[in-house]
Structure formats: structure tokens, C-alpha cells
Amino acid sequence: MLAMMRAVSRGSAVDAPWSVPGMLVTMLRHGRRLAPADSPLGLPDINASPIYRDLSTPKLAQGDDAVDFELPRLDGGGTIRLSTFKGVKPVALVFGSYT
């Protein structure tokens, strides 16, 4: 729980920093689950899940090739594969939430 509090307190590109007093108020309001009463899962449930632990485990090391995938082109002209850029030009993959 302390590791989560340290990570959340810094904020991110899409989330504002969360103060320690704010986290403590949330803990008092929602209990150790850190979730509203109607939520099916709380933080302890997620941290105990083998699925979550697997998602938190890196599958690639620095220098490994990225997993190849195919996506539809924005202009509607078919699809494009990541592997088509190998050795041609650098590619930046940005994964994030904009909700």
C-alpha cells in the first residue's frame, strides 16, 4: 500500500498528484480496500491476483525486439504492421489513457 501511495503522490501525465492527506481521507472513507463499497474489487484483491502480478512482470528486456502487431491505417487504406518499419526508421509507441 505504501508503494502505491508513493507512486500516486507523484501524479502522471494524465493524473494530478494526490496528496498524502487526500489519500488518508480516502482510506478513512473507503477502508483498506481503497474502493467504494459497491466496487467488486479493492486494492488488496488486485494486488493478490496472479493475473495482475503477471501483467506487472516485464516480458521483454532492453534490446529485445518488440512483439509484432498489425493495426488499421487512419486513412482507411488497409493495415500496417510494426515489422514493416524494422531497420527503416525509429518508431515510438505511446500507450496511455485519456479518460
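**Reading the faces of a helix**

Mentor: Start with the outward side. The face of α2 turned away from its buried side carries Pro-21, Leu-28 and Arg-29, which are exposed. Keep in mind that this is a predicted model.

Trainee: Which residues in α2 are buried?

Mentor: Apply the cut-off: buried means under 20% relative accessible area. In α2, that gives Met-23, Thr-26 and Met-27. They sit on the same side of α2, because they cover an arc of only 100° around the axis.

Trainee: What do the buried residues of α2 pack against?

Mentor: Their partner is α1.

Trainee: At what angle do α1 and α2 pack, and how far apart are their axes?

Mentor: Helix α1 spans residues 2-10 and helix α2 spans residues 20-30. The angle between them is about 130°, and the axes are 10 Å apart. Angles over 145 degrees count as roughly antiparallel, and 65 to 115 as roughly perpendicular. The angle here therefore makes α1 oblique to α2.

Trainee: What is the handedness of the crossing?

Mentor: It is right-handed where α1 passes α2.

Trainee: Which residues of α1 and α2 meet?

Mentor: From α1 come Met-5, Val-8 and Ser-9. From α2 come Val-20, Met-23, Leu-24 and Met-27. Sort the contact by class: six residues are nonpolar, one is polar and none is charged.

Trainee: Now the loops. Where is Gly-31 placed?

Mentor: Gly-31 lies in the loop between α2 and α3, the latter being residues 43-48. Its relative accessible area is 27%, so Gly-31 is partly exposed. Gly-31 and Gly-11 are 20 residues apart in sequence, and their C-alpha atoms are 22 Å apart in space.

Trainee: Is Asn-47 in a helix or in a loop?

Mentor: Asn-47 belongs to helix α3. Its relative accessibility is 37%, so Asn-47 counts as partly exposed.

Trainee: Which residues is Asn-47 in contact with, leaving aside neighbours within four places in sequence?

Mentor: With those neighbours set aside, Asn-47 is in contact with Tyr-52 and Arg-53.

Trainee: One more case. Where is Val-91 found?

Mentor: Look in the segment after β2, which is residues 79-81. Val-91 has a relative accessible area of 41%, so this valine is partly exposed. Not counting residues up to four places away in sequence, Val-91 touches Leu-82 and Phe-85.

Trainee: How far apart are Val-91 and Val-20?

Mentor: In sequence, Val-91 and Val-20 are 71 residues apart. In space, they are 38 Å apart, C-alpha to C-alpha.

How values were computed
Residues numbered from 1 in each chain as written. Predicted model: local features only at pLDDT ≥ 70, side-chain atom pairs only at ≥ 80, totals over all residues. Heavy atoms only, no water. Axes fitted to C-alpha atoms, helices over the stretch in contact; angles between N-to-C directions. Helix = DSSP H or I, 4+ residues; strand = E, 2+ residues; numbered from the N terminus. Parallel < 35°, antiparallel > 145°, perpendicular 65-115°, else oblique. Left-handed = near helix turned anticlockwise from the far one by under 90°. Contact = heavy atoms within 4.5 Å. Nonpolar A, V, L, I, M, F, W, Y, C, P; charged D, E, K, R; others polar. Buried < 20%, exposed > 50% of the residue type's maximum accessible area, 1.4 Å probe, protein only. Arc of directions from axis to C-beta.
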